[in-house]
Amino acid sequence: MLSGTPCHRHLRRWILLLLILATTAAGTWVLYAVLQVQGLHPFEKGLLALFPILFAWIATAFWTAMAGVWVLLRGRDPCWLSKSGAPSGEPGRETRIALAMPIFEEDPQQVLAGLRATYESLQRTGQAHRFDLYILSDSRDPETWIAEELAWNALCEAVDGFGSIFYHRRRHNWGRKSGNIAEFCQTWGMNYDHMVVLDADSVMDGATLVEMAALMDANPRTALIQVPPAPVNQETLFARIQQFAGAAYGPLFANGLSFWQLGEGNYWGHNAIIRVAPFVRHCGLPELPGKPPLGGEILSHDFVEAALLRRAGWQVWMAPWLGGSYEEAPPNLVEHLKRDRRWCQGNLQHTRLLLARGLRLPSRIHLGMGILTYLSSPLWLAFLVLAGVEALRRKHTDPVYFLEGSPFPVWPPSFFLEAATLLVITLGFLYLPKLAGYLLLLRDPGLRARFGGSGPAGMSVLLESLFSALLAPILMLFQTRFVMANLLGRAVGWTPQRREAAGAELWPLLASVGWQTPIAAAVGLWAYLNLPTFFLWLLPVLAGPLLVVPITLISGMASWGRAARRRGLFLIPAESDPPAVLRRLKELTRSPTPVPGAPPAGRGYVRQAITDPFVNALHVSLTGSAHKLLSEQYYLDSMLTRVQERGLEDLGEAELRVLLNDADSVQRLHALAWEEPEAGEPSLVAQG
């Protein structure tokens, strides 16, 4: 931070707490005034018990956004990190940084394009000699595995990256992504001062990477700096709406979070720079007692790692002022829900860690807010159910006009004004940050133009708000289902993420999201027949689930996204005025780096690894041979015999993976394939 600047971090947080408590108390009092007519029924007490929790959640987001508005209006928070501190490391020695990208069953060409764009951007800074890049594969499919090796070789040839860009595939996938990073740290971490963790869809500007390293060097008590990634490069309507929301409102929340957190921030799992030594020393993750989903390996490792660094006295910062950090949003609602399901299980696991010994209060708050992100959905659903039951009770309860001991009637007062006021306050807290984001872009003519102009940007805000209103109850029902599945012991598997746009078939879509429609229709019909007034209040909540199938179909189409862009809707600066790294990524996506040896049908890449001399040599050099027990050697020999006698197709995927994991066996297969070549082609496995 700037030297001599008083930051008063505790004062900032007390102000936030008081604002949240004051607004929550005011909203709760208004609701109490509405409900307390003729005394409080148990259902009404339930509503009053749930409301403060839910309203405090909304108020926290609102005041965080307002802090972000204040920072953006000022231009820069004087308490942010700067490069004016005492440098760390040995004098005269440049620090070394590793870019570590864990991947799992990704499209190698897509990964290659993002890595090449990032690396070439880094080369333009003149600082690329300080950085090495590691592709850390957890892929299990043999075809993907060999394709990754060829893609790595093509990347190194294209950017002269041999000796700076490395590929490693793990034999055993313990710990998933966090285990992959841990294994990297144990094997190569001591060679580097810092590491930047990337996701498979991450793209970063070289200047940003250099600036991140400079901030780490100048702030020796800082262990992690998170640069918020902006979603870019997707074409479906769903993803474009998410991209617009991230570009228009994301800076408010990111700057607001940084304003309150300062050096006690959080980690989002990627696009962050980490000081290797304290990470290795303090961030070994425990295995939670019990079975998944709430026990076993920690899925949402990033929050926990930030908490462990803070427990050890290190600072964790968010750096929203840097920019140059990008990722891709899920292309449709179904893929978004798959990711959300994993995050739900990971965040609910944090209930086991909330009271862990030695954690700082801000870290406990981070973990608690992550948990509440998903628990708020069943709480909202419970609130709506209680409201419906209470409305039904009131309908069938005769009002009491004459109280005991009074000869005069007591007319029930009208609380329409109070109820309307509460609704307006709640909607204002939800949508004022969106309006603030729009007004902030209007005040900057250059920024306004990059969002397509005031008219299209305003229409985009309006349509995004409508879409989010439809989406919110859909997510509420799904997240409630996820929470219940976790409580019932149903763990999520480790499946690859689908990043590309694709058309959705109707029947699989109905199976995944269509269950909401009959439920919403039944609830709506019941409310319409029994509580017509309540039905009108409930209709905005029912609209999303009723229309979930067409919403998912239409929003997942790239054609609708492209049509919106032609009309200037949901345009973001990264599209209208893209930085050099994204322009290069677009070029590479359109004209991919050629990977030698396009595979034939079937197990084409595996066949090449066995028969093609170049691919075979490449695979052997990257695999190596581990010490084998005699029983393991017998098993490998038996598989070699089966391939000779019946062809490659006789092996299952697991067997093939074992065979390819042994360089000696792959070399023997290659030699056998060329013992008696027919017409210049290898005889073995060619006909399998």
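The lining of the second largest pocket has, by class, 13 nonpolar, 8 polar and 14 charged residues. The classes work like this: Ala, Val, Leu, Ile, Met, Phe, Trp, Tyr, Cys and Pro count as nonpolar, Asp, Glu, Lys and Arg as charged, and the others, Gly among them, as polar. This is a predicted model, where local features need pLDDT of at least 70, side-chain atom pairs count only at pLDDT 80 or more, and totals for chains, interfaces and linings use all residues. Residues are numbered from 1 along each chain as its sequence is written, and side-chain values use heavy atoms, with hydrogens and water left out.

Back to that pocket. It is lined by 35 residues, and N233, Q234, E328, K586 and T589 lie nearest its centre. Two or more lining residues come from each of α3 (108-124), α20 (558-566), α21 (573-576) and α22 (580-590). Helix α22 gives the most, with 7 residues. Helices (H or I, at least four residues) and strands (E, at least two) are DSSP runs, numbered from the N terminus. The space in this pocket is about 870 Å³; a volume is the space filled by probe spheres set on grid points, which are joined across faces, edges and corners.

Pockets and cavities are told apart on a 1 Å grid over the protein atoms alone: a cavity is a set of points where a 1.4 Å probe fits but cannot get out, a pocket is an open set with protein on both sides within 12 Å along at least five of seven lines, and lining residues have an atom within 4 Å of a point.

Now the cavities. How many of 30 Å³ or more does the structure hold? There are 2. The largest cavity has about 70 Å³ of space. Its lining includes I103, P108, W152 and Y167, and by class it has 10 nonpolar, no polar and 1 charged residues.

Next, the cores. A nonpolar core is a set of buried Ala, Val, Leu, Ile, Met, Phe, Trp, Tyr and Cys residues joined through side-chain atoms within 4.5 Å. Buried means under 20% relative accessible area, exposed over 50%, partly exposed in between, with a 1.4 Å probe and protein chains only. The largest core has 62 residues, and L99, F131, I165, V196 and L209 have the most contacts inside it. Helix α4 (residues 142-159) gives the most to this core, with 8 residues. Apart from it lies another core, of 44 residues, among them A117, L569, I572 and L588.

Last, F535, which sits in helix α18 (residues 532-546). F535 is buried, with a relative accessible area of 16%.

For the chain as a whole, there are 27 helices and 10 strands, and buried residues make up 51% of the 688 residues.
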